[in-house]
Amino acid sequence: MRPLDTFLSPTEQRLMGAVLAHPDRDYGTLELLGLIGNSRGAGSAVIKRWVASGLIRERHVGNQRRLSANPDFLLYPELRRMVFKTIGLVQPLVDALAPISTRIHEAFVFGSIASGTDTS
């Protein structure tokens, strides 16, 4: 069992990973649903709930709905740290270490990323 499995569904974890790991990026609804890999109904319900709570903000560009993380959300800093401690770094690390993955037994993250003090 992974650390966030107790608190969040796999769909919510993928949504957190996508949105909170890239707070400066905005997503179209279908793009975000594709990233979280769920049915339209279930994924849309999670997105709708998170927009209503204020964790995700939405804006309209023409007839398109754009979604992104809301850094003004009360728990945003803590949730973002949770993402990086658990799910946010997994895919970038897997991709970066793929060429030498057969020779790796353990990998660690340290420094400003691990302590949560990194900046752009």
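In which helix is the place of Pro-92? Pro-92 sits in helix H5, residues 90–97. The model is a predicted one: local features need pLDDT of at least 70, side-chain atom pairs count only at pLDDT 80 or more, and totals for chains, interfaces and linings use all residues. Residues are numbered from 1 along each chain as its sequence is written, and side-chain values use heavy atoms, with hydrogens and water left out.

The chain holds 6 helices and 3 strands. These elements are DSSP runs numbered from the N terminus, with helices (H or I) of at least four residues and strands (E) of at least two. Along the sequence, they follow the pattern α-β-α-α-β-β-α-α-α. The C-alpha atoms fill a box of roughly 50 × 30 × 30 Å along the principal axes. Of the 120 residues, 31% count as buried. Buried means under 20% relative accessible area, exposed means over 50%, and partly exposed lies in between (1.4 Å probe, protein chains only). Contact means heavy atoms within 4.5 Å. Among contacts with a separation of 6 or more, 48% come from residues 24 or more positions apart.

Helix H1 spans residues 10–21, and helix H2 spans residues 29–36. Their axes come within 8 Å and cross at roughly 120°. H1 is therefore oblique to H2. Axes are lines fitted to C-alpha atoms, for helices over the stretch in contact, and angles run from 0 to 180 degrees between N-to-C directions. Angles under 35 degrees count as roughly parallel, over 145 as roughly antiparallel, 65 to 115 as roughly perpendicular, and the rest as oblique. The crossing of H1 with H2 is right-handed. A crossing is right-handed if the near helix is turned clockwise from the far one by less than a right angle, and left-handed if anticlockwise. On the H1 side, Thr-11, Arg-14, Leu-15, Ala-18 and Val-19 take part; they meet Leu-32, Leu-35 and Ile-36 of H2. This contact has 6 nonpolar residues, 1 polar and 1 charged. Ala, Val, Leu, Ile, Met, Phe, Trp, Tyr, Cys and Pro count as nonpolar, Asp, Glu, Lys and Arg as charged, and the others, Gly among them, as polar.

H1 also meets H3. The axes of H1 and H3 come within 10 Å and cross at roughly 55°. H1 is therefore oblique to H3. H1 passes H3 in a right-handed crossing. Here Thr-11, Glu-12, Leu-15 and Met-16 of H1 meet Val-46, Ile-47, Arg-49 and Trp-50 of H3. The residues divide into 5 nonpolar, 1 polar and 2 charged.

The largest nonpolar core has 25 residues. Such a core is a set of buried Ala, Val, Leu, Ile, Met, Phe, Trp, Tyr and Cys residues joined through side-chain atoms within 4.5 Å. Leu-15, Met-16, Leu-20, Leu-32 and Ile-47 touch the most other members. Two or more residues come from each of H1, H2, helix H3 (40–53), strand S3 (64–69) and helix H4 (76–86). H1 gives the largest share, 6 residues. Beyond four places in sequence, Leu-15 touches Leu-20, Leu-32, Ile-36, Val-46, Ile-47, Trp-50 and Ile-56.

Ile-56 lies in strand S2, residues 56–61. Ile-56 counts as buried, at 2% relative accessibility. Ile-56 and Glu-78 are 22 residues apart in sequence and 15 Å apart in space, C-alpha to C-alpha. Pro-92, by contrast, is partly exposed, with a relative accessible area of 47%. Pro-92 and Gln-64 stand 28 residues apart in sequence and 29 Å apart in space, C-alpha to C-alpha.
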